[in-house]
Amino acid sequence: MSQIASSSDQESYLPDGQPRGVPDAPWEPPAPRRPDPAEGPPGQEHGGREGRVLITGGSSGIGAATALAFAARGYSVAVTGRDKTALDSVARETRGVSIQGDLREPGCARRVVEAAAIALGGLDVVVSNAGLGWSGRFATMSEEEIDTLLDVNLRATAHVARAALGYLRPGAGHLAFVGSIAGLVGVTGESWYSATKSGVGMLADVLRAELRADGIGVSLVVPGVVDTPFFERRKVPYQRRYPRPIAARIVAAAIVDAVEHGRETVVVPGWLSWPARLRGGLPTLYRMLEGQLDGDGRRRHVGKRAPAVGSARPWA
């Protein structure tokens with residue numbers, strides 16, 4: 001049984017007449033769906049901040065919350081994903097534009113970025129949030145499931161970033177990547193998901209160094225467990241008692257803050273950075289401590305169990 005689930009609500013889409021699997025076929029950017037002109041220009045009531053942001057996986061969860069957070073700050077917003085109905089709803093709420101697309105399709109990332117740049121009159125920020133989850137033993141994954149996670153979580157993320165660099169202005173542009181705590185510490189039962197998210201983190205780190213001379217910022221936002229439809233879609237619910245899920249709006253606030261203040265790496269909630277530091281500095285000790293936890297995130301004891309960690313605190 002497939003246990004792949006989308007955190008981004010991507011739906012299959014290619015413009016009429018575009019053959020699947022042919023990235024260089026003649027094509028025109030998909031027409032973005034715009035809000036009612038009577039509603040006024042995006043951001044006008046927020047002081048008219050002249051930021052233009054594209055958010056992948058923007059139809060629900062972290063992506064939708066991030067779109068709302070940027071819109072509240074006065075940015076012009078474009079969201080992309082597979083679910084047309086959900087995208088249009090987010091676009092209405094943000095007075096932005098929706099661009100339907102499946103980032104697994106060859107060339108789709110380039111086309112979506114181009115369409116967003118045309119619709120918004122340029123791009124200042126690109127948030128790469130689209131992702132898929134999978135839970136279970138690695139040996140039970142099919143070849144298709146392995147390829148699908150790689151395509152969405154890492155390959156599409158790289159293609160979006162590459163396409164975005166053609167539009168982001170030196171000295172002003174910003175790339176934001178949404179990683180996962182699994183990519184920093186590795187999660188048993190989510191080995192391939194952890195590996196793909198680790199790749200996203202490394203891509204962000206190296207790109208930051210490459211783009212520093214151009215004045216283009218790169219942020220990596222690393223959420224812990226987030227209360228979104230992610231677990232419902234992967235068909236395996238979140239079963240640990242700790243860490244407790246946090247609201248998507250908390251992660252969205254961290255993304256906006258990272259972009260506006262040029263923060264390089266942000267872990268949400270902040271206390272989760274300590275397990276990540278322990279994993280990086282003392283991996284053997286980390287694995288020993290990890291082995292003392294059961295599936296509920298509690299210490300193993302004979303006869304009784306005690307909490308392994310305290311409750312999650314909001315990001316600040």
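So, Ile55 stands opposite Val127 in strand E5, residues 125–128. On the E3 side, strand E3 being residues 76–81, Ile55 stands opposite Val79. Before I go on: this is a predicted model, where local features need pLDDT of at least 70, side-chain atom pairs count only at pLDDT 80 or more, and totals for chains, interfaces and linings use all residues. Residues are numbered from 1 along each chain as its sequence is written, and side-chain values use heavy atoms, with hydrogens and water left out.

Okay, strand E2, residues 52–56. How many bridges join E2 to each partner? There are 5 to E3, running parallel, and 3 to E5, also running parallel. Strands here are DSSP runs of E with at least two residues, helices are runs of H or I with at least four, and both are numbered from the N terminus. Two strands pair if DSSP finds at least two bridges between them.

Is E2 buried or exposed? Well, 4 of its 5 residues are buried, so E2 is largely enclosed by the rest of the structure. Buried means under 20% relative accessible area, exposed is over 50%, and partly exposed is in between, with a 1.4 Å probe and protein chains only.

E2 also goes into a β-α-β unit with helix H1, residues 61–72, and E3, and that unit is right-handed. By that I mean that, with the strands pointing away from you, the path from the first strand over the helix to the second runs clockwise.

Now stay on H1. Its axis and that of helix H8, residues 248–261, come within 8 Å and cross at roughly 55°. Axes are lines fitted to C-alpha atoms, for helices over the stretch in contact, and angles run from 0 to 180 degrees between N-to-C directions. H1 and H8 are therefore oblique to each other; under 35 degrees would be roughly parallel, over 145 roughly antiparallel, 65 to 115 roughly perpendicular, and the rest is oblique. The crossing is right-handed, meaning the near helix is turned clockwise from the far one by less than a right angle, with anticlockwise being left-handed.

Among the H1 residues that meet H8 are Gly61, Ala65 and Phe70. Take Ala65: it is buried at 16% relative accessible area. Which residues does Ala65 touch, leaving out those up to four places away in sequence? Ala248, Arg249 and Ala252, where contact means heavy atoms within 4.5 Å.

There's another helix pair to look at. Helix H3, residues 108–120, and helix H4, residues 143–164, pack at about 40° with their axes 8 Å apart. That makes H3 oblique to H4, and H3 passes H4 in a right-handed crossing. On the H3 side the contact is made by Ala109, Arg110 and Val113, and on the H4 side by Ala156, His159, Val160, Ala163 and Ala164.

Back to Val127 for a moment. Ala176, in strand E7, residues 174–178, is 49 residues from Val127 in sequence, yet their C-alpha atoms are 4.7 Å apart. Ala176 is buried, at 2%. Beyond its neighbours within four places, Ala176 is in contact with Val126, Val127, Ser128, Ser219 and Val259. And Val259 is one of the H8 residues that meet H1.

Last, the whole protein. It has 10 helices and 11 strands, and buried residues make up 50% of the 316. Of the contacts with a separation of 6 or more, 71% are between residues 24 or more positions apart.
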